[in-house]
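Open the model in your viewer and keep the sequence beside it. The stops below say what to select and what is there.

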Amino acid sequence: MALNFGKIAQGLAGNFNQQSTEELTREYGIYLLENEEIQDGYTLIRDSLIFTNIRIIFVDKQGATGKKTAIKSIFLMNIINAEMETAGFGIDDSEITITYLENIHLRAHTEHLVSHKFEFPKKTNIVPLYKYLFELSYKNRLSINNM
């Protein structure tokens, strides 16, 4: 499946700091699988959102020093839904929530669904990312239902 990261970059580059794949690989390469490559990635203060050819990696650096780090990986092939909530007036953030299958066997009546919310600054245009994730979820649903 070909991924179009250009659409993502157009929506995120204005508020997130896009990082070079070399820099991201240097910092997060130890977490990559064999033949996994970072395609695109963004940082916001200390957190990172990384897109590879296999998964989304969300890095959440916590605490005052940022030494405590939580890493969440979501495989692209398991994403089955994407929802978007844009920011309103006031201090609201924009959000994209993806739902994905956590279980490894894609069989009827054995699904285990999990949701993960990504929060973006109010000024971030999240529509291109939402459209990308929703299209990915649509293709995944077609693939799962044709098994």
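In which strand does Thr99 lie? Select Thr99: it lies in strand β7. Helices (H or I, at least four residues) and strands (E, at least two) are DSSP runs, numbered from the N terminus. This is a predicted model, in which local features need pLDDT of at least 70 and side-chain atom pairs count only at pLDDT 80 or more, while totals for chains, interfaces and linings use all residues. Residues are numbered from 1 along each chain as its sequence is written, and side-chain values use heavy atoms, with hydrogens and water left out.

Stay on Thr99. Thr99 is buried, with a relative accessible area of 12%; buried means under 20%, exposed over 50%, and partly exposed in between (1.4 Å probe, protein chains only). Opposite Thr99 stands Ser115 in β8. Not counting residues up to four places away in sequence, Thr99 touches residues including Asn78, Ile80 and Leu113, where contact means heavy atoms within 4.5 Å.

Next, select the sheet. Its three strands form an open sheet in the order β6-β7-β8, with antiparallel pairing. The edge strands are β6 (79–85) and β8 (113–120), each pairing on one side only. Two strands pair if DSSP finds at least two bridges between them; strand β7 (residues 94–101) is joined to β8 by eight bridges.

Now select helix α3, residues 127–145. Helix α3 lies across β6, β7 and β8, running at about 155° to β6. That angle is between N-to-C directions, on a scale from 0 to 180 degrees, with axes fitted as lines to C-alpha atoms, for helices over the stretch in contact. Among the buried residues of α3 are Leu129, Leu133 and Leu136.

Then show the largest nonpolar core, which has 18 residues. A nonpolar core is a set of buried Ala, Val, Leu, Ile, Met, Phe, Trp, Tyr and Cys residues joined through side-chain atoms within 4.5 Å. The residues with the most contacts inside this core are Ile56, Ile79, Ile98 and Leu133. Its largest share, four residues, comes from α3. Select Ile56 to see contacts with residues including Leu49, Phe118 and Leu133.

Finally, select Leu33, in the loop between α2 (21–28) and β2 (38–44). Is Leu33 buried or partly exposed? Leu33 counts as partly exposed because its relative accessibility is 43%. Leu33 touches Ile54, Arg55 and Phe75, not counting residues up to four places away in sequence.

Conventions
The expected span of a helix is 1.5 Å times one less than its number of residues.
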